[in-house]
Amino acid sequence: MNQPLFADNYKTTPYWQDIAPKLALPDTGLPAEVDVLVVGGGYTGLNAALQTAREGLGTLVLDAEDPGWGCSMRNGGQLSTSLKPSFSNLAGRYGRELATQLCVEGQASLDYMHALSREDGLEMGLRETGRFHGAHKPHLYESLARDCAAGHPVWKTDAFMVPKGDMARELGTDAYHGGIVNPHHCSIDVSKYHPSLLNKVQAEGAMVRGKCRVVSLERETSGFKVLTSDGSLKAGKVILATNGYSGPLSPWLQRRLIPIGSYVIATEEIPSETIDRLFPTDRVLSDTRKLVYYYRLSPDRKRVLFGGRVSLSETDPRNSALKLHRDMTALFPELGSVRISHAWMGFVGYTFDTLAHAGEDNGLFHAGGYCGSGVGMASYLGMRMGQKAAGREKSLSAFEKIPFPTRPLYQGNPWFLAPSVLVYRLRDRFGI
């Protein structure tokens with residue numbers, strides 16, 4: 001590398017994958033038939049498989065790459081209540097009752113992660129660090145303060161404001177005009193969660209195979225005929241858990257999920273005195289921009305992990321890394337000489353209504369569209385779909401009750417992304 005901002009050992013492997021334990025899957029062939037086939041070995045698929053395997057159903061998880069290769073090992077490790085629209089927005093769309101149900105399940109997604117850590121003993125380094133959400137324009141601080149004072153009709157947020165004069169206790173930057181803290185938001189160690197979940201799923205009896213792409217699904221009188229890159233099999237039920245990597249396997253789903261690249265860098269290790277001055281807490285961090293930044297310290301408090309959407313169209317992470325470094329140092333000028341050790345990207349599964357969705361069509365289940373807040377919601381909806389496939393849960397999730405919209409002319413290629421990003425960039429400049 002001849003770029004001065006890249007470390008000598010710079011890698012395009014996600015930081016989490018680089019430090020995660022290396023797990024070897026059993027080298028087994030495809031079974032002729034399974035009760036449940038789960039397509040996708042990330043958070044959604046593995047949590048679904050955990051439920052079906054526990055019910056004694058023959059369960060097979062297939063992934064086109066190594067399990068976890070997608071955003072389950074490329075995310076920022078931030079946990080929240082996972083809903084982007086406000087309660088008033090949701091109530092205007094669906095009425096107060098369904099809006100309340102959606103919010104209740106948003107909280108349930110966070111509670112589920114606590115349960116996985118506490119009751120199932122999954123190693124994930126879960127910590128209730130809280131989130132600081134910075135106001136990048138003065139009037140946006142006032143908007144956050146009004147929302148904080150009004151409270152939330154469903155969630156007990158315990159949120160509090162941090163005025164600009166008190167910013168030093170949260171962050172060592174002058175770039176924000178204060179912000180809001182949500183103390184119940186959490187962080188996880190991404191390098192631990194997926195491997196721990198994968199081990200748990202296999203211990204419960206599910207079979208997991210990587211490098212085996214599902215090519216087609218064909219309905220039969222009972223179940224599905226499944227063609228893969230390694231042969232064919234029969235499945236009684238199928239759970240689609242591919243989110244931003246869904247592709248053409250389900251044209252219906254492809255028309256409703258929007259793959260959008262999100263880009264992340266990890267810095268080299270930074271001296272502890274600099275870290276302590278700039279990041280006096282271990283909170284997860286974001287701000288009021290439409291083109292959101294999400295960032296945090298690595299679990300060992302030695303690096304900054306800084307992510308966001310920084311280009312009009314998909315680009316090489318090497319190019320996005322320079323822009324992310326520029327934006328990071330605009331917030332923290334002291335980091336200007338800190339080099340980049342890792343730069344990577346992943347495809348977020350977005351939706352036209354900025355909500356996650358789940359559902360079933362006669363034995364074909366799906367969950368996805370987490371819109372960048374998928375660590376908890378993917379795990380939770382995967383669990384719900386796994387319970388439904390196992391016949392243990394009959395009630396509908398609120399995310400099954402809402403319509404799953406698409407748009408005319410959309411076939412899975414987000415041709416509208418560049419103009420949308422440009423509009424958001426202009427809105428961020430003026431804080432509108």
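**Ground rules.** I am working from a predicted model, where local features need pLDDT of at least 70, side-chain atom pairs count only at pLDDT 80 or more, and totals for chains, interfaces and linings use all residues. Residues are numbered from 1 along each chain as its sequence is written, and side-chain values use heavy atoms, with hydrogens and water left out.

**Open sheet.** I looked up the strand order and found 9 strands in an open sheet, β1-β17-β13-β16-β15-β14-β5-β7-β6, with mixed pairing. Strands here are DSSP runs of E with at least two residues, helices are runs of H or I with at least four, and both are numbered from the N terminus. Two strands pair if DSSP finds at least two bridges between them. At the edges I noted β1 (6-11) and β6 (160-162), each pairing on one side only. Neighbouring strands of this sheet are turned by 25° against each other on average, direction ignored.

I followed β6 to its partner β7 (residues 179-182): the two run antiparallel and are joined by 3 bridges. F160 has V181 in β7 as its bridge partner. Helix α5 (residues 138-150) lies across β5 (131-134), β6 and β7, at about 160° to β6. Such angles run from 0 to 180 degrees between N-to-C directions, with axes fitted to C-alpha atoms, for helices over the stretch in contact.

**Around β12.** Which strands pair with β12? I found β2 (residues 33-39) parallel to β12 (residues 231-240) over 6 bridges, with E33 opposite K234. β11 (residues 224-228) pairs with β12 in the antiparallel sense over 5 bridges, and V226 stands opposite L233. β11 and β12 make a hairpin with 2 residues between them. β19 (residues 364-368) runs parallel to β12 through 3 bridges, and there V238 is partnered by L364.

**Helix α10.** I checked the length of α10 (residues 374-389): its 16 residues at 1.5 Å each should span 22 Å, and the end C-alpha atoms are 21 Å apart, which agrees. The expected span is 1.5 Å times one less than the number of residues. All the way along, 16 of its 16 residues are buried, meaning under 20% relative accessible area, where exposed is over 50% and partly exposed lies in between (1.4 Å probe, protein chains only). Just after α10, G391 takes a positive phi of about 80°.

**α2 against α10.** The axes of α2 (residues 43-54) and α10 come within 7 Å and cross at roughly 35°. The contact (heavy atoms within 4.5 Å) includes Y43, N47 and Q51 of α2 and V375, A378 and G382 of α10.

**Cores.** Which residues have the most contacts inside the largest nonpolar core? I found I188, Y193 and L381, in a core of 63 residues. A nonpolar core is a set of buried Ala, Val, Leu, Ile, Met, Phe, Trp, Tyr and Cys residues joined through side-chain atoms within 4.5 Å. Apart from it lies another core of 31 residues, among them Y176 and I270.

**Positive phi in loops.** K211 has phi near 55° without being a glycine, and sits between β9 (207-209) and β10 (214-219). K211 counts as partly exposed because its relative accessibility is 49%. R301 has phi near 60°, in the loop between β15 (293-297) and β16 (304-308). R301 is also partly exposed, at 21%.
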